[in-house]
Amino acid sequence: MSNRLAKTLRLAAFKLIAFQGCIAVVSAVIVFVGWGVSAGLSALAGGLVSVLPNFVFAAYSFRYAGASKANQVFDSIKRGNGLKFLLTICLFALVFKYFTVMALPFFCCYILVMFSQWAAPIFFNH
């Protein structure tokens, strides 16, 4: 079902997601030390709302690779993108409905983790 190229690309994507998870945890710890427990948990929730949909996207998008599987690649990227969007909306709704979050740390950590993918070429060779 999946070939060696797809496994290589999936591994690179999961490295980036692990990097984003580390940034989420480190920023949540920094916010926790600076502003307290509630702000730290809000920042951690913001980071997780950004990381979890990226993980789902990577899992679906990098199942196939190569020119001979172009239709399968397109379908898996389309499905992964749709699931990422839906999961992001659901996670935002769940966090704001069931948890008391501080908006500033939540959104700052969410945006920081989202923009951290731009730093990937600096840290990764792939």
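Here are a few exercises on the structure above, each with a worked solution.

The model is predicted, so local features need pLDDT of at least 70, side-chain atom pairs count only at pLDDT 80 or more, and totals for chains, interfaces and linings use all residues. Residues are numbered from 1 along each chain as its sequence is written, and side-chain values use heavy atoms, with hydrogens and water left out.

**Exercise 1. The overall picture**

Work out what secondary structure the protein chain has and how many of its residues are buried, as a percentage.

Solution. Start with the elements: helices are DSSP runs of H or I with at least four residues, strands are runs of E with at least two, and both are numbered from the N terminus. On that basis you get 5 helices and 0 strands, in the order α-α-α-α-α along the sequence. Next, the box: along the principal axes, the C-alpha atoms fill roughly 55 × 30 × 20 Å. Now burial, where buried is under 20% relative accessible area, exposed is over 50% and partly exposed is in between (1.4 Å probe, protein chains only). Of the 126 residues, 33% are buried. Finish with contacts, meaning heavy atoms within 4.5 Å: among those between residues at least 6 apart in sequence, 73% join residues at least 24 apart.

**Exercise 2. H1 against H2**

Decide how helix H1 and helix H2 run relative to each other: roughly parallel or roughly antiparallel?

Solution. Take the axes, which are lines fitted to C-alpha atoms over the stretch in contact, with angles from 0 to 180 degrees between N-to-C directions. For H1 (residues 4-35) and H2 (residues 37-61), the axes come within 7 Å and cross at roughly 175°. Angles over 145 degrees count as roughly antiparallel (under 35 roughly parallel, 65 to 115 roughly perpendicular, the rest oblique), so H1 and H2 are roughly antiparallel. Then look at who meets whom: the H1 side includes Phe14, Ile17, Val31 and Trp35, and the H2 side includes Leu44, Gly47, Val51 and Phe55. By class, this contact has 17 nonpolar, 5 polar and 1 charged residues. Ala, Val, Leu, Ile, Met, Phe, Trp, Tyr, Cys and Pro count as nonpolar, Asp, Glu, Lys and Arg as charged, and the others, Gly among them, as polar.

**Exercise 3. Two ring pairs**

Classify the pair of phenylalanine 92 with phenylalanine 106: stacked or edge-to-face?

Solution. Rings of Phe, Tyr and Trp (its six-membered ring) pair if their centres lie within 6.5 Å; planes under 30 degrees apart are stacked, over 60 edge-to-face and the rest tilted. The structure holds 9 such pairs. Here the centres are 5.6 Å apart and the planes at 75°, so this pair is edge-to-face. It links phenylalanine 92 in helix H3 (residues 70-98) to phenylalanine 106 in helix H4 (residues 103-115), 14 residues apart. Both residues are buried. By contrast, phenylalanine 115 and tryptophan 118 have centres 4.8 Å apart and planes at 20°, so they are stacked. Phenylalanine 115 is partly exposed at 43% relative accessibility, and tryptophan 118 is exposed at 64%. One aromatic cluster takes in Phe92, Phe96, Phe106, Phe107 and Tyr110.

**Exercise 4. Threonine 88**

Find which residues threonine 88 is in contact with, leaving aside neighbours within four places in sequence.

Solution. First place threonine 88: it is found in helix H3. Its relative accessible area is 15%, so threonine 88 is buried.
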